[in-house]
Amino acid sequence: MSRTPRAGRVRFRGIALLGLVAASGTALPLRPRRARGAGFDLVVAATTDVHGRLRGWDYYANLPDSSRGLARVATVVDSLRAAAPGRVVLVDAGDLLQGTPLTYLAARASARNATHPVIAAMNAMGYDAVAVGNHEFNYGLPVLRAAVAQAHFPFLAANAVTASGRRAFPAWRIVHRGGAGGPAVAIVGATTPGSNLWDRDNLRGRLTIGDIVPAVHAAVDSARRSGADVVVVVLHSGLDEPSSYDTAGTHVASENVAARVAYEVPGIDLIVYGHSHKQMADTTIGTTLLMQPKNWATSVGVAHLQLERRDGRWHVTAARSVLIPAAGHGESPAVLAATERAHRATIAYVTTPVGSTAVAWRADSARVVDTPLIDLILDVERRTAHADLASTAAFALDASLDSGAITMAELARLYPYENTLAAVRITGRQLRAYLEQSARYFGTFGTSEPAVSPTIPGYNFDIVAGADYTIDLSKPAGSRITSLSVRGRPVADTDTFTLALNNYRQSGGGGYAMLRGAPVVWSGQTEIRQLLIDAVKARGRIAPSDVFTRNWSIVPAAAIAPAYAAMHRSPWEHRGPRVARPASPA
C-alpha cells in the first residue's frame with residue numbers, strides 16, 4: 001500500500017508514531033500509483049456520537065436547529081450515493097441511543113416493543129454497521145438488545161464478552177461494493193472499556209469490555225483471512241486523550257486509543273473514531289487514515305479510498321478524507337417520516353408544565369459563583385439520599401428556569417444525563433482531595449495559564465453543598481482549598497461524612513480517583529433528572545430561597561471575570577438557543 005504523506009510525527013504519550021499529520025479538515029494532495037489494472041474509488045461516509053440528534057429541532061429550546069441532525073446527514077449521504085453508485089459504505093462510531101429527551105422517551109417505550117426512532121432513522125439511511133458506544137449501556141442491556149434486534153445493520157464490539165465468555169456483539173462484518181468482482185470491505189468495531197466503571201450496575205456479572213488494541217488486532221487478522229480487501233475500523237474511543245479514570249488503580253484498559261490502534265495494528269486502511277466529541281479529517285498514522293466527524297450529527301466524515309486490482313485482489317493505493325458540515329443541507333423526507341411520531345411525542349413531553357416560579361433562575365455563572373439553580377439539584381440529592389453533603393456539576397451554562405411555568409425541557413437541560421444517585425462515606429482527607437480535583441478546572445490566576453483549562457470539560461467541575469469552602473485561584477492546582485468546614489467546624493482528615501453524588505462520579509469518572517473504594521451507604525435506581533421533576537411537582541411553586549445557601553466562593557475576586565469569560569468561550573460548551581416556553585411544533 002502506498003500513500004504520499006506530508007512529513008511529520010504524531011506523539012502518543014511520549015511514543016513517536018511515525019507517519020503524518022495533516023491539517024485538520026483539509027485534504028492531502030494524493031499521488032496514487034499509476035493504475036496497472038481496473039481502479040475503484042471506495043467512499044466511506046461516517047457519523048459518530050449522534051446522541052439522538054435526528055432532526056433539525058432542539059427539544060430543550062423547542063425551536064428549529066438548522067446546524068445538525070441525521071436528517072441533514074442523510075441528504076449528504078444520498079448525494080454521495082448518487083455520485084458513486086454502489087461504492088458507498090456508511091458507518092457510525094457509537095453513542096446513538098442516549099442524549100436528548102427523544103432518546104429518553106424511546107428507552108421508556110422499548111418495553112412496549114416500539115421501534116426506536118434512532119434505529120428507524122438509521123435503517124432508513126441504510127447504515128452498514130455501527131460501533132457500540134458507552135452511552136448505549138445507559139438504559140440497561142434490555143433496551144440495547146431491543147434496539148439491536150430492530151436494526152437492519154449490526155452493532156459491533158470486538159472487545160465485549162458475556163459472563164460466559166462468548167462475544168456480546170459481532171467483532172466485524174464484510175460488505176461488498178461494486179457488484180461481482182468488487183472489493184470486500186471489512187468493518188471492525190470496538191468500544192471504550194470505561195463502561196465497566198460508568199455503567200457497572202448495568203454490566204456487572206453480565207458483560208465485560210476488554211482492552212481495545214488486542215481485540216481489534218485479532219478481529220482485523222480474522223477479517224483479512226476471511227477475504228477482506230479493505231479494512232475499516234470503527235472505534236468508540238478518542239485519539240489519545242488521557243483516560244477520565246485511574247487505569248492503574250482499576251485495571252480498566254485505557255479509554256482513548258485510536259492512535260495506538262493505528263500504530264500497533266497492521267492491515268487497517270481507515271479508522272473512524274469518536275467518543276471525545278472533537279473532529280479531525282485527513283490525518284495519517286503510518287499508512288492508516290483516521291477521521292472523526294463532529295458529534296451530534298454536525299458533520300459527516302467522507303473518506304475516499306483509491307483501490308487498484310492486482311494479482312486477483314484489491315489494494316488501497318491512496319486515501320484522503322474531508323468533513324462535510326450538516327448545516328446548509330435539507331432534511332431527508334425518509335428520515336423525517338421515520339421519526340415523525342417520536343418527534344411529536346417528544347415535543348408534547350418537553351413542553352409539559354411541571355411547576356412554576358415567580359423569578360428567573362440562571363446557570364450562566366454557576367461555575368464561578370454559588371447559584372440557586374445548582375443548589376436546587378444539590379438540595380434534591382441531599383434530601384433523597386439523607387446525606388451530609390452532595391455534589392453536582394453545572395452541566396449546561398445555558399440552563400435556566402424562566403419565570404412562570406417550569407417545563408420538562410428546562411429540567412432536562414439542567415440535568416441532561418441519565419445518571420442515578422448514590423451516597424458514599426468519605427473522610428475529610430477525601431473531601432479535600434475531591435474539591436482540589438474539581439478546582440483543577442481553573443488556571444492559576446496571575447500566571448500565563450488560561451483562566452479555564454482547555455483539557456477539562458465543565459462537567460468535571462463539581463460543586464459541593466453541605467460544606468463551606470474557598471477556592472483560591474492564585475495558588476497552584478492541588479493547594480487551592482484554603483478553608484474547609486462542615487457545620488461550622490474545620491474539617492480534619494479523619495472526619496467522616498456521607499456524600500450524595502451521581503453514579504458516574506461515584507465510579508471515579510472524571511479523574512476523581514480518591515473516591516475509589518469509598519463505601520456505598522445508599523443507592524437508588526431513579527435518574528437524578530426524574531428526582532428533580534418529582535421534587536418540583538411535589539412543591540408546585542418554587543423559589544430560590546427554598547434551596548439557596550451560599551457556601552463556597554472563589555478568591556481573589558478579580559479571578560472571577562476572566563474565568564467566566566473563558567468558560568463561555570470553551571469548545572466544550574454547547575451554545576444552544578435559550579429554552580422557550582411551551583409551543584407547538586412547526
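**Before you start**

The model is predicted, so local features need pLDDT of at least 70 and side-chain atom pairs count only at pLDDT 80 or more, while totals for chains, interfaces and linings use all residues. Residues are numbered from 1 along each chain as its sequence is written, and side-chain values use heavy atoms, with hydrogens and water left out. Helices (H or I, at least four residues) and strands (E, at least two) are DSSP runs, numbered from the N terminus.

**Stop 1: the six-stranded sheet**

Select S8, S7, S6, S3, S17 and S18, in that order. They form an open sheet of 6 strands with mixed pairing. Two strands pair here if DSSP finds at least two bridges between them. Now look at the edges. Strand S8 (155-156) and strand S18 (313-325) each have a single partner strand, so one side of each is left without a neighbour in the sheet.

Move to strand S3 (residues 39-47) and strand S17 (residues 299-310). They run antiparallel and are joined by 8 bridges. Pick aspartate 41; opposite stands glutamine 306 in S17.

Valine 302 has valine 322 in S18 as its bridge partner. Then go to the turn. The hairpin of S17 and S18 has 2 residues between the strands, and aspartate 311 takes a positive phi near 55 degrees there.

Step back to the loop between strand S16 (288-292) and S17, and select tryptophan 296. Its phi is near 65 degrees, a positive value in a residue other than glycine.

**Stop 2**

Show helix H1 (residues 70-83) with H3. Their axes are 10 Å apart, at an angle of about 15 degrees. Axes are lines fitted to C-alpha atoms, for helices over the stretch in contact, and angles run from 0 to 180 degrees between N-to-C directions. H1 is therefore roughly parallel to H3. Angles under 35 degrees count as roughly parallel, over 145 as roughly antiparallel, 65 to 115 as roughly perpendicular and the rest as oblique.

H3 and H10 pack with axes 8 Å apart, at about 165 degrees. That makes H3 roughly antiparallel to H10. H3 passes H10 in a right-handed crossing.

**Stop 3: the second largest pocket**

A pocket is an open set of points on a 1 Å grid over the protein atoms alone, with protein on both sides within 12 Å along at least five of seven lines; a cavity is a set where a 1.4 Å probe fits but cannot get out; lining residues have an atom within 4 Å of a point.

The volume of this second largest pocket is about 390 Å³. Grid points are joined across faces, edges and corners, and a volume is the space filled by probe spheres set on the points. The lining has 18 residues, and Ala109, Ala114, Thr115, Arg341 and Ala342 lie nearest the centre. H10 gives the largest share, 7 residues. By class, the pocket lining has 10 nonpolar, 4 polar and 4 charged residues. Ala, Val, Leu, Ile, Met, Phe, Trp, Tyr, Cys and Pro count as nonpolar, Asp, Glu, Lys and Arg as charged, and the others, Gly among them, as polar.

**Stop 4: the largest cavity**

The whole structure holds 3 cavities of 30 Å³ or more. The largest cavity has about 160 Å³ of space. Select Arg53, Trp57, Asp58, Tyr59 and Thr100: of the 14 lining residues, these are the closest to its centre. The lining of the largest cavity has 6 nonpolar, 3 polar and 5 charged residues.

**Stop 5: the four-stranded sheet**

Select S28, S27, S26 and S32, again in sheet order. These 4 strands form an open sheet with mixed pairing. At the edges, strand S28 (489-490) and strand S32 (552-555) each pair on one side only. Strand S26 (residues 468-472) and S32 pair in the parallel sense over 4 bridges. Tyrosine 469 stands opposite tryptophan 552 in S32.

Proline 556 lies in the loop between S32 and helix H16 (560-569). The peptide bond from valine 555 to proline 556 is cis, with omega near -10 degrees.

Key:
Left-handed = near helix turned anticlockwise from the far one by under 90°.
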